[in-house]
Amino acid sequence: MHEILVGAKILKKNDEIAAANREAFSGLGLFSINLISSPGSGKTTLIERTVERIGKACRLAVIEGDLQTELDKERVERCGVPATQITTGRSCHLDAHMVSHTIEWLRGLKPLELLIIENVGNMVCPAEYDLGEDMKVAVMSVTEGDDKPLKYPAIFHASSALVINKTDLTPYTDFNIERARENALAVNPALKIFETSCTTGEGLGDWCDFLTGQTGRA
Amino acid sequence: MHEMSITISMLELVREEMEKDGGGTLKSLKIKVGELTAVEPGALSFCFSSAIEGTPLEGARLYIEEIPLTGRCTDCAKEFHMEGFLVGCPTCDGPSIEKIAGDELEIVSMEVL
């Protein structure tokens, strides 16, 4: 019997592909975000409202991740922005290998400034898989609990920004935005927090300015 | 539930390492799982035993060392368990915490016969 010392990250392969994706994205000159939330927090609607606002001034592309269907890709395309769909089948998260298959498509869309990747609706698993994005953005909505950052800390820890969505519904819920902010900042004091309503448009300006600022064209 | 994809990645690495070592039979595998990772050790053990069933790795044991999420206060230099993942020094209340452990997800070693 003998011992082999390994000392290797289990997701080494994913991390290697993610590093190659990151290099490809950077070669294309684009800034990329990975949107992560529970199902139903309004990620796709947030993307629709975002591309409607900045899609003309900023060259962007969208990658949609879902278990099944191309419905979200079609929704984004109707807003006049190129989109591609990754259907993961039974997998609850996107991984770097799946995203690597979109790079040729992205090259064909040059020049690009912003890439939005919508992960599969899931607050747990996507936190573990680096896709090669520049920034993870967590999304939660006021129809969820304001204690979500405490219950699912890993994703709030890994994200640089948080969007609290559906703020127009706050009067109909027990959701306390101040408490949600406190909980999120307790887990990650560096989080940049946005409050948005895709129905009234409230807060979308700040969110869009933030994104275009990242691409260097504020 | 992505412990099965983690298990598959882990077994790929194990097979590569065994091949490099010249084959043999895997007796045990030691891994580290940090508290901050989105990986549940119980689910991972279950996936591991299901995934190796009927393969040459069948019978191998998985030992999981769970690593607590640990921070160090940059003001008073105390190290502490970041209970509930909350940031903030329990000793001096300092806000600036450096994370020093808890995001591990790695294979430490393998015992081969």
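**Notes on an aromatic pair, a helix and a serine**

I looked up two phenylalanines to begin with: A:Phe194 is buried, and A:Phe210 is buried too. I'm keeping in mind that this is a predicted model.

Next I checked the rings. I found 3 aromatic pairs over all chains. A:Phe194 and A:Phe210 make up a tilted pair, with 4.9 Å centre to centre and 45° between the planes. A:Phe194 sits in strand β8 of chain A and A:Phe210 in helix α9 (residues 204–214) of chain A, so this pair ties together parts that are 16 residues apart in sequence.

Then I turned to helix α8 of chain A, residues 177–187. Which of its residues are buried? I got A:Ile177, A:Ala180, A:Asn183, A:Ala184 and A:Val187. Looking down the axis of α8(A), I see these buried residues fall within an arc of 125°, so they line one face of the helix. For packing partners of the buried residues of α8(A), I wrote down α6 (148–151), α7 (153–158), β7 (161–165) and β8 (192–195) of chain A. At the start of α8(A), a side-chain oxygen of A:Asn176 comes to within 3.0 Å of the backbone nitrogen of A:Glu178.

Last stop: A:Ser91, in the loop between β4 (83–87) and α4 (96–100) of chain A. Is A:Ser91 buried or exposed? Its relative accessible area is 18%, so I put A:Ser91 down as buried, the cut-off being under 20%. Leaving out residues up to four places away in sequence, A:Ser91 touches A:Leu67, A:Met98 and A:Val120.

How values were computed:
Residues numbered from 1 in each chain as written. Chains lettered and ligands numbered in written order. Predicted model: local features only at pLDDT ≥ 70, side-chain atom pairs only at ≥ 80, totals over all residues. Heavy atoms only, no water. Buried < 20%, exposed > 50% of the residue type's maximum accessible area, 1.4 Å probe, protein only. Helix = DSSP H or I, 4+ residues; strand = E, 2+ residues; numbered from the N terminus. Arc of directions from axis to C-beta. Contact = heavy atoms within 4.5 Å. Polar contact = N/O pair within 3.5 Å; in protein donor to acceptor, adjacent residues only side chain to side chain. Phe/Tyr/Trp six-rings, centres within 6.5 Å; stacked < 30°, edge-to-face > 60°.
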